[in-house]
Amino acid sequence: MERAPQQSSDSILATFSVDLLIQILDRVADSRDRKSWRQVCRGFLHAEALRRLSLRVLRLEALQGLLRRYAACLERLDLSACPSLDDHALAAALASGAGLWRLRSINLSRASGVGWRGLAALAKACPHLEAVDLSHCVGVGDREAASLAAAAGLRDLWLDKCLGLTDVGLAKVAVGCPALEMLGIKWCLEISDIGIELLAKKCQNLRVLDISYLKITNRSLQFVSSLRKLEDLSMVGCSHINDEGLQFLNNGSNSLQTVDVSRCENVTSSGLISVIEGHKYLQDLNIGDCFPELAPLFLSKLNYLRDSLTVLKLDGFQVFAPSLKIIGLNCRNLVEIGLSKCKWVTDEGVSELVAGCVNLTTIDLTCCHLLTNKALVAIGDKCKNLTCLQLESCKLITDNGLDCIGTCCSNLEEIDLTDCTMTNAAMKYLSRCSELTVLKLGLCDKVSDEGLVHIASNCKKLRVLDLYRCFEVTDDGLAAIATGCKRIKNLNLCYCTRITDLGLKHLSCLEDLHDLELRGVHCVTSLGITAIANGCQHLTELDLKHCHLVDDAGLFALGQYTKNLRQANLSYCQVSSMGLCNLLGSLKCLQDVKLVHLTQVPVEGFESALRASGGRLKKLKLLTGLRHLLSPGLIQMLQARGCRIRWVDKPLNLVP
C-alpha cells in the first residue's frame, strides 16, 4: 500500500496511506475546503494530485508546473482564461505530461493564438481526447480543422465563430471524426449546404447540432433530416430557411427533442406544424421572434406534444388570453414558458396558463406591460415549485404582488424586478425565499438600505445582486449585504451615487466576488478600489467607467492583487501612463479592456501600455482619434493576435 510522502517522524499524518487520504478527500465537497485541505502538507497535496480530474488554469506561466503535477489523472482541462496561449506554449505544456495523458476534454475558447501546430500536438499527445472547445477563436480555419481531424475519437466539438472555417475544414472534421455526437458551428459564415451535406453523411451519430446564423438553405435541413440520432437542433437566425425546409424534418426519421428556430424570419406556423407532427416526443421548442401572431391551428397541434413538451418560448409574439388558455390545456407538463416582450399578455391570460400548467418552474414575463398583481397572485397560487420569475419592466406590479410570491413560492431562486415600482416592503416579502440566489433590482429607486437589510437577514445563498441606479442605497446597505450574503459573486452598483470608499471596504470581505460594476459611482476613490483589490482577489470583471476619483494608486493595487482580472473598464478615470502601463503589464489574464477618454494619458502612454499587454488582449475599446496616432505596427500586432478593436467616434482630448 502506497504511503504518503514522509512528514516529520512525530507527525501522525505520516502514517496515513494515500488511499485513506483520497477517501477523506472524496468527502470534502466545497472547492474552497479542498483548496485548504491540499495546503496542509505535501502528503495531502500528493493525494489531491492523484484525485484531480479537472483543472482550470488562470495564469499561463503556471501551466507547465500544474500539468506536471496533475497529468497522471487529469481528464478535463480549461485554458480559456489564458488569452496569450499559443502553439509553442501549448506544445511545451503537453510535453511536460508526456506519457501520462488521460485527457478527454479541453477548453481553448478565445485562445486565438493557438493554430494548426498546437492542435496537431494536442491530437498526438492526447489519444483519448473526446471534447474540444475552440469557440471564438476567430483565427481558426481549415488548416486547424485538419489538425483536429487526427483526433479520431472526438465526440464533442465547438467551433462557434471560427470565422476562417469553410466547407473544406468541415469536411476534414467529418471524415476524420466520424464518431462526433455534438457539434457547434454557429456564426461560421463560410459554411454552406455542401459542408452540411458531407457532415450528415459521415457523422451519423450526431445528437446535438448548432448551425445558427449560417447562410444555409432548405437543402441543409434535407440532409440534417437523415440524422436518425439527432436530439437537439439549433438554427437561430437562419434567414434563408423557410417552411419548406422545416417540412423535411417531418419525416420522423430522427428523435428530435429540442428545436430552436428563433429569429428565423421566413418561418411561419405552417412549418412549425410540420415539425410538431413529425416529432411527438419534442421537449423544448423555441420559436421566438419568428412571426407576429400564433395561428389557431398551431396552438391546437400543441396537443400532439401534451405528454412531452416541457419548454416553450414564444418571445416577441402577440399572445392573447385565449391562446394562453389553449397552451394551458394542451401543455400541462410545461416547466418553462417564455413570453418575453409578448404583446397583449394580460392577467387573464396568465391565470388561464398557470391553471393548466401547475408544474411551471420558470416564467419569463419580461416587458409584459399589461400585467398587474393579479397575475402574480395566480402564479403564487398555482405554481408552488416556481424557481425563476422574470418581471423586468412590468411597471403595474407593486409590492403587494410580491407578498403572494414570497409566501407561496418558497423555492424561488431567481427574480428580475428591473424597472419595476418596488419598495422596501417587497424586499421584506422576498426575504422569505431563503433559496434566492439571483436578485435584480435595477432602476428600483425606492429600494434603500432597509430593503437590503431584509434580504441580508435570510437570503444567505444570494450570488447575484443588481442594484443599478438604486439611488437610495448607501454604505450601510452594503454593510448588511456583506455580512449576510457572503457568497455574492456578481454585484452591480452602477450609478449608486451615495456609495463611498467605506461601502467598498465593507464589500472587501466578499472572497467569492468575481464581477463588480461601479460605473458612475463618483464618490469612490483609489482607497476603495485598493480595499476591493486586497480583499476580493478572485475578481475577474471590474467596471470603473466615470469613477473620476480613481487614479494610478487604484490601478497599482489592482495590478498587484487581482491577478485573475479578465475584463476592465477604465474609461474616464484620472489615470496616467504609468498606472496604465503597470496594470496592462501586470495582469496576465486581462483580455478585455476599455480605455475611452483617458485624458491624462498621451499617445505615447497608450502605445507603451498596449505593448506592455504582451498581445494578450482579445477586446479593446479606444477613441477613433487614436487610430491614426498609434503606430500601424502596434495595431497590426494586436489584430494578428486576435484582438478586436472597437473604435468609438467621440472627440479626442489628450494631454500634450
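By class, which residues make up the lining of the largest cavity? The lining has one nonpolar, three polar and four charged residues. The legends below describe close-up views of a predicted model.

Figure 1. One cavity of 30 Å³ or more is present in the structure. The volume of the largest cavity is about 90 Å³. Its lining is formed by R110, S112, H136, V138, K161, K618, G642 and R644. Rolling a probe the size of a water molecule over the atoms shows where empty space is left.

**Figure 2. The second largest pocket and the strands that contribute to its lining.** This pocket holds about 250 Å³ of space. Among its 17 lining residues, R263, N286, K313, D315 and S340 are the closest to the centre. Two elements, strand 12 (336-338) and strand 13 (362-364), each give two or more residues to the lining. Strand 12 supplies the largest share, with three residues. Sorted by class, the lining of the second largest pocket comprises one nonpolar, eight polar and eight charged residues.

**Figure 3. The stacked aromatic pair W187 and Y213.** The structure contains four aromatic pairs. In one of them, W187 and Y213 are stacked, with 4.3 Å from centre to centre and 5° between the planes. W187 belongs to the loop between strand 6 (182-184) and helix 9 (193-202), and Y213 to the loop between strand 7 (208-210) and helix 10 (218-224), so the pair ties together parts that are 26 residues apart in sequence. W187 counts as partly exposed because its relative accessibility is 34%. Y213, at 21% relative accessibility, is likewise partly exposed.

**Figure 4. The edge-to-face aromatic pair F291 and F317.** The ring centres of F291 and F317 are 4.9 Å apart and their planes stand at 85°, so the pair is edge-to-face. Distant parts of the chain are linked by this pair: F291 is in the loop between strand 10 (284-286) and helix 13 (296-301), while F317 is in the loop between strand 11 (311-313) and helix 14 (321-330), 26 residues apart. Both F291 and F317 are buried. A pair of aromatic rings is described by the distance of the centres and the angle of the planes.

Figure 5. Apart from its neighbours within four places in sequence, I379 is in contact with V350, V354, I363, L365, L386, L389 and I405. In soluble globular proteins, nonpolar side chains tend to be buried together.

Figure 6. A145 is part of helix 7 (residues 142-148). It counts as buried because its relative accessibility is 2%, below the 20% cut-off. Beyond its neighbours within four places in sequence, A145 is in contact with L165, G169 and V173. A145 and L165 are 20 residues apart along the chain, and their C-alpha atoms are separated by 7.6 Å.

**Figure 7. The buried loop residue L256.** L256 is located in the loop between helix 11 (243-247) and strand 9 (258-260). With a relative accessible area of 1%, L256 is buried. Neighbours within four places in sequence aside, L256 is in contact with L230, E231, D232, L233, L249, H279, Y281 and L282. The C-alpha atoms of L256 and G278 are 9.1 Å apart in space, and the two residues are 22 residues apart in sequence.

**Figure 8. Helix 20 and the elements packed against it.** Helix 20 (residues 475-484) is mostly covered, with eight of its 10 residues buried. The buried residues of helix 20 are D475, G477, L478, A479, A480, I481, A482 and G484. They pack against helix 19 (449-458), strand 17 (464-466) and helix 21 (501-507).

Figure 9. K341 is not a glycine, yet has a positive phi of about 60°. It is placed in the loop between strand 12 and helix 15 (347-356). K341 counts as exposed because its relative accessibility is 56%. Y495, also a residue other than glycine, has a positive phi near 65°. The loop between strand 18 (490-492) and helix 21 contains Y495. With a relative accessible area of 19%, Y495 is buried.

Technical notes: Residues numbered from 1 in each chain as written. Predicted model: local features only at pLDDT ≥ 70, side-chain atom pairs only at ≥ 80, totals over all residues. Heavy atoms only, no water. 1 Å grid on protein atoms, 1.4 Å probe; cavity = no way out; pocket = protein on both sides within 12 Å on 5 of 7 lines; lining within 4 Å. Points joined across faces, edges and corners; volume = space filled by probe spheres on them. Nonpolar A, V, L, I, M, F, W, Y, C, P; charged D, E, K, R; others polar. Helix = DSSP H or I, 4+ residues; strand = E, 2+ residues; numbered from the N terminus. Buried < 20%, exposed > 50% of the residue type's maximum accessible area, 1.4 Å probe, protein only. Contact = heavy atoms within 4.5 Å. Phe/Tyr/Trp six-rings, centres within 6.5 Å; stacked < 30°, edge-to-face > 60°.
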